[in-house]
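Please go through this structure by question and answer.

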Amino acid sequence: MTTSAAKQREIYNQQGFLSALPVLSETELREARDAFSELEKEFGEEYTQYSLHNVHLQYLWVMGLTKHPRILQVVKAILGPDVILLDSRFICKYPALKPAHIQENEEGVTEADGKMAESGLPYVAWHQDMRYWGIAGGPVLSVWLALDDSLKENGTLQVIPGSHCSGMLPHHQATRPGNILSVNQEIPEELVQADGAVFCPLLAGQMSIHDGLLVHGSDANTSKRRRCGFVIRYVPTCAYPILDPDRHRKFNATVLACGTDHFNHFSSKST
């Protein structure tokens, strides 16, 4: 492991995340955005907001993103050389406010009327990814690859540094409307140290990564700009699925991302 890779792993283990890591070249980003635009035309924005799940099995360009050398270089620094692609999903937050409710501040940044920003616009509640994954034997690492600039005003990722060290936290049904998590769960407010939250802004083509136990979420898109990202989950090959009625999930789209699998815990993997 190189010095830079060792440092990345040290920071990741302490904080639970890394951000603003370069991945896509200008050409690669343009090609990915053009390809995603074709999916928007085919399926419509309501579908592409959250329902493009595990389409790496259908589209070679999506599979190419999951195995991008710059992504796997970082993933291997954290998880080791033998890695399985567990799952993937595109997440898009489209501009949802009417122009009358958006104005520019003194710095020229768009802002939304406060009441409108809380009126059911799509957001992601505070949660831990591992709450949804019946996985043991190894960590889950999540990649967020930005196809658009991901900024505070269009709902960039927020994390609670170090929260991955607290283990699994309780989750309950969210009370605020608009939560796009598929089972509408959130960590109770009193258990989230929101004062310590850190924004993870990304330029298009950059990525952030975070541990499956890191507490994170994101606010609504109150800007005029789309925020599209590609989320990819990886596990070391030593990890395995478990039968947990509270975390029931099938893993039908696993792929050996790199290295060798000596365990064969995921029957559907391919190369």
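The questions below concern a predicted model.

Q: How many helices and strands does the protein chain have?
A: The protein chain has 271 residues, and 51% of them are buried. Of its contacts with a separation of 6 or more, 85% are between residues 24 or more positions apart. The count of elements is six helices and 16 strands.

Q: Which strands are at the edges of the open sheet of six strands?
A: The order in this sheet is β1-β12-β7-β14-β2-β16, with antiparallel pairing. Its neighbouring strands are turned by 30° against each other on average, direction ignored. An edge strand pairs on one side only, which applies to β1 (17-22) and β16 (255-258).

Q: Which residue in β12 is the bridge partner of L141?
A: Strand β7 covers residues 141-146 and strand β12 covers residues 206-211. The two run antiparallel and are joined by five bridges. The bridge partner of L141 in β12 is D211.

Q: At about what angle to β14 does helix α5 run?
A: Helix α5 (residues 69-79) lies across β1, β2, β7, β12, β14 and β16. With β14 spanning 227-236, the angle between the helix and this strand is about 40°.

Q: Which residues touch the most other members of the largest nonpolar core?
A: This core has 38 residues. The largest share, six residues, comes from α5. Another core, of 24 residues, lies apart from it and includes L86, I91, I135 and A239. In the core of 38, the residues that touch the most other members are V143 and Y234.

Q: Why is the pair of F36 and F90 classed as tilted, rather than stacked or edge-to-face?
A: A search of the whole structure finds six aromatic pairs, and in this one the ring centres are 5.1 Å apart. Stacked planes are under 30 degrees apart and edge-to-face planes over 60. The planes of F36 and F90 are at 45°, so the pair is tilted.

Q: How many residues apart are F36 and F90?
A: Both F36 and F90 are buried. F36 lies in helix α2 (residues 26-43) and F90 in strand β2, so that the pair links distant parts of the chain. The separation is 54 residues.

Q: Which residues form one aromatic cluster with F36 and F90?
A: The cluster has F36 and F90 among its members.

Q: How many residues apart in sequence are the parts tied together by F251 and F266?
A: These two buried residues form an edge-to-face pair, 6.0 Å centre to centre with 90° between the planes. F251 is in the loop between β15 and β16, and F266 is in the segment after β16. The pair therefore ties together parts whose sequence separation is 15 residues.

Q: Over which ring does the charged end of R176 sit?
A: Two charged ends are placed over tyrosine rings here. That of R89 sits over Y50, 4.2 Å from the ring centre. For R176, the distance to the ring centre is 3.8 Å, and the ring is that of Y123.

Q: Which residue in β13 is the bridge partner of L157?
A: An open sheet of four strands has the order β5-β13-β8-β11, with antiparallel pairing. Its edge strands are β5 (124-127) and β11 (198-199). Strand β8 (residues 157-159) pairs with strand β13 (residues 216-218) over three bridges. The partner of L157 in β13 is S218.

Definitions and conventions. Residues are numbered from 1 along each chain as its sequence is written. This is a predicted model: local features need pLDDT of at least 70, side-chain atom pairs count only at pLDDT 80 or more; totals for chains, interfaces and linings use all residues. Side-chain values use heavy atoms; hydrogens and water are left out. Two strands pair if DSSP finds at least two bridges between them. Axes are lines fitted to C-alpha atoms, for helices over the stretch in contact, and angles run from 0 to 180 degrees between N-to-C directions. Contact means heavy atoms within 4.5 Å. Rings of Phe, Tyr and Trp (its six-membered ring) pair if their centres lie within 6.5 Å; planes under 30 degrees apart count as stacked, over 60 as edge-to-face and the rest as tilted. Buried means under 20% relative accessible area, exposed over 50%, partly exposed in between (1.4 Å probe, protein chains only). A charge sits over a ring if NZ of Lys or CZ of Arg is within 6 Å of the ring centre and within 35 degrees of the ring normal. A nonpolar core is a set of buried Ala, Val, Leu, Ile, Met, Phe, Trp, Tyr and Cys residues joined through side-chain atoms within 4.5 Å.
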